[in-house]
Amino acid sequence: MTKAYRYVRFSLANQANGASYERQLEAVQLWKDENQDVELSGESFEDLGLSGHTGKHLENAFGRLLLAIETGKIVKGDYILVEAVDRLGRLPNLDMFDILKKIVDAGVTIVTLDDGNHYNLDNLNRNQGLLASLVGKFEQAYNYSRILSHRVSHSWELRRQKARKGESVKMRTPFWLDKSNEVIPEYSEIIKNVFEWYSLGDGQRVILRKLRERWPEVVGDGFRKDFLLKTAGNKTKMVNAGTVKKWLHNKAAIGYWGDIPGVYEPVVSQELFYKVQAELNSKVKRTSEPKRYFVTGLAKCRCGSNLTFVKNTRKGGKVNINGRCTTRGRVGYGKDKHGNEYGCDNGKTIPAVVLDVIAHQCLPDIVTQLAAANHDKKLSDELHLVEGKLSEISKKIERLSSVLLDSDDAENLPEVGSKIQMLSSERRVLLDNKDALLAKIGNSGRMDDLAFMLEHEGEYRKDYPKFNRLLQKAGYRLVCDGHNITVYIPNGRTYRFEYLGFDRKPANQGGQQYKLKITDHNKVLPIPRDEPITSISGDDFVTVESVIPIEADTLKGKTPQQIASSSALLQEFELNVAEQLVSLATSALKKTE
């Protein structure tokens, strides 16, 4: 039985919710009702939101339709149903004739539903008027798109010229700007948090959850269909993880409209914006948010998995908290039938209080390093800007190069080539600036995220969850291999410890304590079983101050910044930390003798 295949196309994605799509489907159904001897195929070809002027539809559904004809899936005598000739495309006449010829040469008939015309070899050869009419429609469709494209381009160019002069232009604005392009304070706070949360390691979905928890009246509560951005003049915009990503990419946050700066008031710094762009383009795993303990996310198994902390209640109601490999707990360890290992073979557990003490004992080293990073923060901020601009220019050059290779418009080729040369010159300057900044910054430049918390000593203790996540990003970690723990400081230094187990002797005999060996100094540090652990619960923190005191006279009264800026003081500080570790272990041993 002869079959008919429908082809539906419209240029703009928002037409999917309008009359265009329904109108084309209704026209197909009316034709089918009048042609009962033809079977309407269940397979249809739809290019929704694809322009017929650019030829993109040839790479999508319409291209698949032509392939179906070429391979004989759509055979001689079948029909292609379209609303009008321009649905087949708005390309130049010769290109449209090539497409038409491929279809009719195969014996397939094109039916235009708006006028009821049937285009096939027989009709076109017998009726010259039909052919002439078809040529006119091709010409009309192409000219309409060409003129419309010119008008739109001209309109955008006029707006760009006004924007460069600082004049107000009519444009669509993000939710944190009003119709006058002024920042809305309560909404600017939302977008600031979005950027800061992402820079700390939150992904788009986590950010969305936080927005709904903190601003349900704006972002929606997340139930059923209530995912709407409830801002003035905008009652229907859906909010999802993709929306958050678009916000993070939107240069309006730093005052840009397209590539024109200073059009809007910035709501975040350029340093933060370009830092987020670098992270969006990277493949680095986002940091985990500590829910209960400071060491969460910092303490890891040798396999790379985080440690899971499990509570065990002992007699008397007191609680022990132990860390174990998450992979080991979920998957276990074994070999499949081919002998391949799966899971993790690290079955040891380590008390959380031991890891907590280790994490705090090593903090003075990283605090000093952070102070050094704070000293170079301005240079590091400049580096973020340079890298962000380099990325933008590289993308522009890539796009223009594609235009240069694909364009048949010889008149505009010199202008495109000139733009590429200009951008290449800018890129060379930026590359030189980047090299110079890297040479000045050295190894401390990537610590600036943490450094701002160190305006004075102890500042980082005011926000342990944030400090934890920044430490994760910097690479500070405690890696557990059995009962051996290695602390990795971001500057390359390592500290090694070994958990020796629990001393079960009575407390009055020096027992009921965990034994921790400081491997580098071969000393054993006893840790009371019920030593408080740094825990996090919402905004409430219970902390143990386990940081080694600084006792050298030359270091007393010195801030971390002062120590970091002096090589002599820095060397003395490092020696003092090592001495205090040994002293602490020795004094603890004396108490148990």
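This is a predicted model: local features need pLDDT of at least 70, side-chain atom pairs count only at pLDDT 80 or more; totals for chains, interfaces and linings use all residues.
Q: How do I read a pair of aromatic rings?
A: Good thing to ask! Such a pair is described by the distance of the centres and the angle of the planes. There are 13 aromatic pairs in this structure. One of them joins Y5 and F45, with 6.4 Å from centre to centre and 50° between the planes, a tilted arrangement.

Q: Which parts of the chain does the pair of Y5 and F45 link?
A: Distant ones: Y5 belongs to strand 1 (residues 3-10) and F45 to strand 3 (residues 45-48), 40 residues apart. F45 is buried as well, at 3% relative accessibility.

Q: Why is the pair of Y293 and F309 edge-to-face?
A: Look at the angle here: planes over 60 degrees apart count as edge-to-face. The planes of Y293 and F309 stand at 70°, with the ring centres 5.8 Å apart, so this pair is edge-to-face. Y293 sits in the loop between helix 10 (270-281) and strand 7 (299-301), while F309 is in strand 8 (residues 307-313), so the pair ties together parts 16 residues apart in sequence. Y293 is buried at 6% relative accessible area, and F309 is buried at 16%.

Q: Which residues form one aromatic cluster?
A: That cluster is made of F175, W176, Y187 and W247.

Q: Where does the charged end of R477 sit?
A: You will find it over the ring of Y488, 4.3 Å from the ring's centre. Also have a look at K251, which lies over the face of Y256, 3.9 Å from the ring centre.

Definitions and conventions. Residues are numbered from 1 along each chain as its sequence is written. Side-chain values use heavy atoms; hydrogens and water are left out. Rings of Phe, Tyr and Trp (its six-membered ring) pair if their centres lie within 6.5 Å; planes under 30 degrees apart count as stacked, over 60 as edge-to-face and the rest as tilted. Helices (H or I, at least four residues) and strands (E, at least two) are DSSP runs, numbered from the N terminus. Buried means under 20% relative accessible area, exposed over 50%, partly exposed in between (1.4 Å probe, protein chains only). A charge sits over a ring if NZ of Lys or CZ of Arg is within 6 Å of the ring centre and within 35 degrees of the ring normal.
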